[in-house]
Every structure is written in C-alpha cells, then in structure tokens.
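Visitor: I am new to this structure, and I would like to know how its descriptions are reached. Could you walk me through it?

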Amino acid sequence: MILEFILACLAIGLMFLFWNNKPPNFPAGPAGLPIIGNLHQLGSEPHKTFMKMREQYGDIFSLKFASYNVIVLNNYKDIKDAFAENAFSGRADFKPLKDRSGGMPRGLIFNVERSWTEQRRFALKSLRDFGFGKKSVETIVYDEITELIDNFRKTIGKPMQTQNKFNAAVLNALWTMVTGNRYSHDDPMLQDLIKRLTSSVTQSRAASVVLFFPWLYQLRNKLTMVFAYAKERQESIAKNMNFVKGTVEDHQSTFQKDAAPRDFIDVYLAEMEKTSDTTSSFYKEEGLKNLTVTLLDLFVAGAETTSTTLSWEFLLLALHADKQEKLHEEIKRVVGLSRLPSLNDRPSMPYTEAVINEVMRFSAMVPLAVFHSALEDVTFKGYQIPKGTLVIPNLFCTMHDPKVWTDPETFRPERFLSEDEKTLVKNEALIPFSTGKRICLGMTLAQDELFLFTSSLFQRFKVGPDPNGEKLTVDYHAASVLVPKPHNLVLYDRIEE
Ligand code: HEM
C-alpha cells in the first residue's frame with residue numbers, strides 16, 4: 001500500500017516535472033498543470049493576467065497552453081523587433097481555424113507562408129488602389145454617414161444603445177468596396193450578416209480551450225444537443241460562407257474580362273484569369289477558395305473592429321464633455337457647419353486625430369491581436385524560441401503601461417499633442433493595429449473611416465449620458481475584442497434645420 005502510494009506520488013511528480021520542462025534557454029514563466037498547462041490561470045481578462053505575470057517574470061515570459069509552448073511579449077519594443085522578423089509571421093495550426101477555410105490555411109487572417117504573402121500583397125494593393133470601382137473611399141463613406149445622420153436624428157433626446165448603431169454603416173462601406181453593392185441600413189439581409197459577424201467576434205476568446213484540444217472541439221461539434229451554441233456557431237459560419245460564395249458566383253456569371261473592374265471581387269477574378277502557375281494561391285479552384293475566405297476575413301476583421309472603436313469613442317466622449325466640446329470647436333473652426341469634413345481637412349485637425357488615438361489607446365480593443373507562431377527555430381533577445389511556439393503580443397499592456405504612459409487609466413487626448421496643442425505627437429507604443437509583417441491589413445482604411453465618421457458625427461451631434469439611466473462606466477465584455485457593456489446615451493442635434 002505504502003509502495004503504491006509512493007509510486008503514485010512519483011508518477012504525479014514526474015508528470016509535473018515533464019509538463020513544466022521548458023525548451024533549453026526559453027524565457028521563464030509560471031508553472032502549469034499537466035495536460036492543460038497554464039490555461040486555467042488566464043481568467044476572464046488574460047491581457048490583465050499577463051500584466052500581473054509580467055511583474056514577476058519580466059517583459060518576455062513563457063507559458064504552456066496544452067501541448068503548445070507560448071511566449072508573451074509585453075513591451076512594445078520587443079513586439080516591434082519580433083514582428084519585423086519573417087520567422088514570427090506564422091499562425092497557429094489550430095484545427096477549428098483550418099476547418100473554417102476548407103481544411104487548410106487560406107485567405108488572410110490565418111493563412112501562412114507563400115499563400116498568405118500572395119493573398120495579403122494582392123488585397124493590400126487592391127484596397128490601397130481603391131478608386132478602381134466607381135467611387136473613392138471618401139464617397140463611399142459619405143453615403144453611409146448621410147444615412148447614419150438621418151437615423152440618428154430620429155433618436156434626438158431619447159435614450160439610445162449606441163453599441164450596434166455603427167455596424168451597418170461600417171459593414172456597408174466595406175461591402176460596397178468589395179462587392180459593389182450597397183444596402184439600406186435596416187435591410188434584413190445586412191442586419192442578419194451583422195448579427196452573425198458580431199457574434200463570431202464577440203463570442204470567440206483568444207485562448208479558447210477548444211483551440212488547443214482538437215478532440216474536445218470534435219466532441220463539442222458532435223454533441224450539439226448539449227452544446228447548442230456550438231451548433232449555432234457552425235450554422236452561422238456555414239451561412240456566412242454560403243452567402244459569400246453566392247456573391248462570388250453572381251460576379252462570375254457577369255464578369256467580363258476586358259471591362260473595367262466593378263469592385264474587389266472583379267479585380268480578384270481578373271487575377272485568377274491571368275494566373276497560369278498551378279502552385280499559385282490564385283490558380284483556379286484554389287483561387288476561388290482563397291477568394292471566399294479572404295472576403296470573410298475582410299468582413300470579420302474590418303466591420304466589428306471599426307464599429308466597436310466608434311462605440312468606445314461615443315462612450316468616452318459622453319463621459320468627457322469637455323474633450324467633446326474641444327473636438328467640436330476644432331471641427332467648427334476648420335470645416336464649419338455647412339459641409340461634411342473631408343480627408344483633406346485631416347492635417348489641420350490635430351485634436352480630432354488626438355481623440356481618435358486616445359480612444360484606440362484607452363480601449364485597446366484587440367488586446368492580444370491575433371496569436372503569431374514561430375515558423376522556424378529562432379534566437380530572440382538571447383532566448384531560443386523553437387519552431388511552433390505561439391507568440392502573443394500583449395497590445396493592451398503596451399498601451400496601458402505605466403512605464404510608458406503617465407496616468408494610463410485616464411482618458412486624455414492631449415497626451416498626443418505638443419505643449420501648444422497645435423501639433424500631433426506620435427508615441428511608438430500606440431500599436432492598436434499591431435506592427436510588423438502582419439500589421440492590420442485594413443489600417444489605412446480604418447484610419448480614414450474613423451476620421452470621417454468622428455469628424456462628421458461630432459460636427460453635427462452632441463452626446464451625453466442618459467439623465468434617467470444608470471451611471472456610465474467603461475466596463476467591457478472581454479472576448480477577442482473588448483466591447484463596452486450595454487449602456488444608453490442621448491444625442492442632441494447641434495444644427496437646426
Ligand atoms: C479600428 C479598426 C481596426 C483595428 C483596431 C484592427 C486591429 C487589427 C489587429 C490587432 C490585427 C492583428 C495583427 C497581428 O496579427 O499582429 C489585425 C489584423 C487584420 N486586420 Fe485589422 N483592425 C481594424 C480594422 C480593419 C479593417 C477595416 C480591415 C479590412 C478592411 C482589417 C483587416 C485585417 C486583416 C485582413 C487582418 C489580418 C492580417 C494578416 O494576418 O496578415 N482590419 N487587425
């Protein structure tokens with residue numbers, strides 16, 4: 001009996017030792033449990049847990065998520081240096097993510113190596129050149145702002161939940177650029193798509209357990225009676241995929257190779273037409289598969305992020321009436337009240353830019369970006385990082401680091417201005433779009449959109465807390481993006497008609 005007990009203790013001890021055995025010359029980190037590693041220690045806000053771990057283990061520390069070695073980077077310099085390297089531009093080979101794109105990495109967000117380079121380069125160029133369709137980004141966004149202003153005017157003086165009010169406008173702008181079609185903001189098709197895209201982002205956790213245990217993921221998908229949400233999720237992904245496929249098929253049936261492209265899909269189909277290299281990610285069937293995943297990726301990554309940033313902005317400016325007045329004053333002085341602001345006004349509007357920067361810093365909306373992975377064995381800052389290691393950039397930490405920012409928990413746009421408040425001052429630690437090889441592909445578009453929405457909406461409206469509602473807070477729901485908790489705001493029209 002005693003011998004059995006000793007053997008059992010030894011076996012357990014060995015298991016702990018084996019599980020906490022780190023690769024040679026790997027960063028230090030907290031010990032984990034057999035099988036799950038440190039997954040149980042993440043809590044509901046892993047970005048904050050990592051900030052606490054950093055106090056004990058330093059800016060670069062290690063963890064174990066099931067069988068994956070993980071390093072967490074908390075300092076913006078380390079993140080910049082790491083992500084400048086091709087070796088850190090991989091993504092994890094999680095089964096659920098591969099299933100989403102037909103069994104192998106495709107598209108933009110979770111694609112890797114040659115296929116990713118080709119798809120990313122192409123999408124970047126096409127979005128940058130935008131203007132190949134009938135309208136420029138500015139004209140497309142103006143259509144959305146005009147409808148949004150009309151809708152907002154119907155709510156003047158009444159409590160309104162602002163969280164989901166921007167999705168239709170933002171998604172529609174993207175939809176127009178990519179597919180050439182625009183919908184009315186209350187169109188049931190658009191509303192349905194928004195619901196599915198929103199839940200795909202707000203319900204997914206960056207370190208969801210099923211990502212690390214493929215058998216658990218498969219079991220969950222089989223036991224749909226027990227895990228009803230899993231079934232809903234599968235159906236939602238399938239619906240999104242079918243919807244996008246339908247849009248591509250419509251384009252294929254009307255595509256004319258010698259005519260001017262109508263939108264992104266046409267440019268993509270033209271690229272497929274001219275691709276004869278059978279190993280290219282644009283070649284025939286593979287090209288079509290990449291196109292559908294690329295479209296889904298653009299909608300998933302582009303719509304929820306920009307509209308959630310606007311929700312944060314409305315909330316923060318409702319809480320800081322003085323900053324909101326300064327913003328309105330600048331818009332009135334530079335643009336006036338008789339026309340919509342344009343991108344040409346931007347260089348003359350440092351306070352508006354500072355507000356947007358501060359909203360992005362304070363909200364740190366994509367707190368852990370998207371996990372990277374080491375494509376090969378690599379030496380980084382004196383550590384040896386084996387191939388396959390997950391690399392998590394703690395963007396929340398870089399933007400709330402008390403060593404970098406004075407009073408990081410205070411909303412203060414002036415921190416981005418020179419002393420005379422006339423010039424915008426850059427801070428390298430502001431990296432809401434991440435940095436390096438995989439920096440957000442839609443960054444320029446998002447920045448243009450945020451400027452146009454912010455300046456146009458605060459030119460016209462004043463926003464405040466609901467005088468009869470609960471006290472406003474900056475509490476949020478933490479998923480892979482941080483979304484403000486439901487709250488009511490009241491809008492006031494500054495322009496009498
Ligand atoms: C405020 C708005 C936005 C924020 C804060 C944001 C933030 C991010 C972040 C943090 C990443 C992860 C980068 C990494 O892996 O290191 C990312 C990736 C990406 N974003 Fe954005 N994003 C925004 C808007 C957009 C828009 C408008 C689009 C598209 C139209 C877009 C498309 C993408 C794509 C395709 C990726 C994957 C890039 C890759 O893996 O190569 N994003 N974004």
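## Reading the model

Guide: Let us start with Glu421, which sits in the loop between helix H16 (395-400) and H17. Keep in mind that this is a predicted model.

Visitor: Why is Glu421 called partly exposed?

Guide: Count the other C-beta atoms within 10 Å of Glu421: there are 15. Buried needs 20 or more and exposed needs 12 or fewer, so Glu421, with its 15, is partly exposed. Its backbone deserves a look too, as phi of Glu421 is near 60 degrees, a positive value in a residue that is not glycine.

Visitor: What is the phi of Ala364, and where does this residue lie?

Guide: Ala364 has a positive phi of about 35 degrees, although it is not a glycine. You will find Ala364 in the loop between helix H15 (350-363) and S4.

Visitor: What makes Asn75 count as buried?

Guide: Asn75 has 20 C-beta neighbours inside 10 Å, and 20 or more is what the term asks for, so Asn75 counts as buried. Asn75 is placed in the loop between strand S2 (68-73) and helix H3 (76-83). Leaving aside residues up to four places away in sequence, Asn75 touches Asp59 and Thr398. Glu470, on the other hand, is 37 Å from Asn75, C-alpha to C-alpha, and 395 residues apart from it in sequence.

Visitor: How do you know that S2 and S7 pair?

Guide: Pairing takes at least two bridges, and four bridges join S2 to S7, so the two strands pair. They run parallel.

Visitor: What makes strand S4 (residues 372-373) a partner of S7?

Guide: Two bridges join S4 to S7, and at least two are required, so S4 and S7 pair as well. This time the strands run antiparallel, and Ser373 stands opposite Leu390 in S7.

Visitor: Why are both faces of strand S7 (residues 390-393) called covered?

Guide: In a regular strand, side chains alternate between the two faces of the sheet. Leu390 and Ile392 lie on one side of S7, with Val391 and Pro393 on the other, and all of them are buried.

Visitor: Which residues of the shell are closest to the ligand?

Guide: The closest are Ala301, Gly302, Ser434, Cys440 and Gly442, out of 24 residues that surround the ligand. Helix H13 (284-319) and helix H17 (443-460) each supply at least two residues of this shell, and H13 gives the largest share, seven residues. By class, the shell has 15 nonpolar, six polar and three charged residues.

Visitor: How many helices and strands does the protein have, and why is it called as compact as a globular protein of its length?

Guide: There are 17 helices and 11 strands. The radius of gyration is 24 Å, close to the 23 Å that the globule rule gives for 497 residues, so the protein is as compact as a globular protein of that length. Buried residues make up 40% of those 497 residues.

Notes: Residues are numbered from 1 along each chain as its sequence is written. This is a predicted model: local features need pLDDT of at least 70, side-chain atom pairs count only at pLDDT 80 or more; totals for chains, interfaces and linings use all residues. A residue is near a molecule or strand if its C-beta atom, placed from the backbone, lies within 6 Å of it. Ala, Val, Leu, Ile, Met, Phe, Trp, Tyr, Cys and Pro count as nonpolar, Asp, Glu, Lys and Arg as charged, and the others, Gly among them, as polar. Two residues are in contact if their C-beta atoms, placed from the backbone, lie within 7 Å. The radius of gyration is taken over C-alpha atoms; the globule rule is 2.2 Å times the number of residues to the power 0.38.
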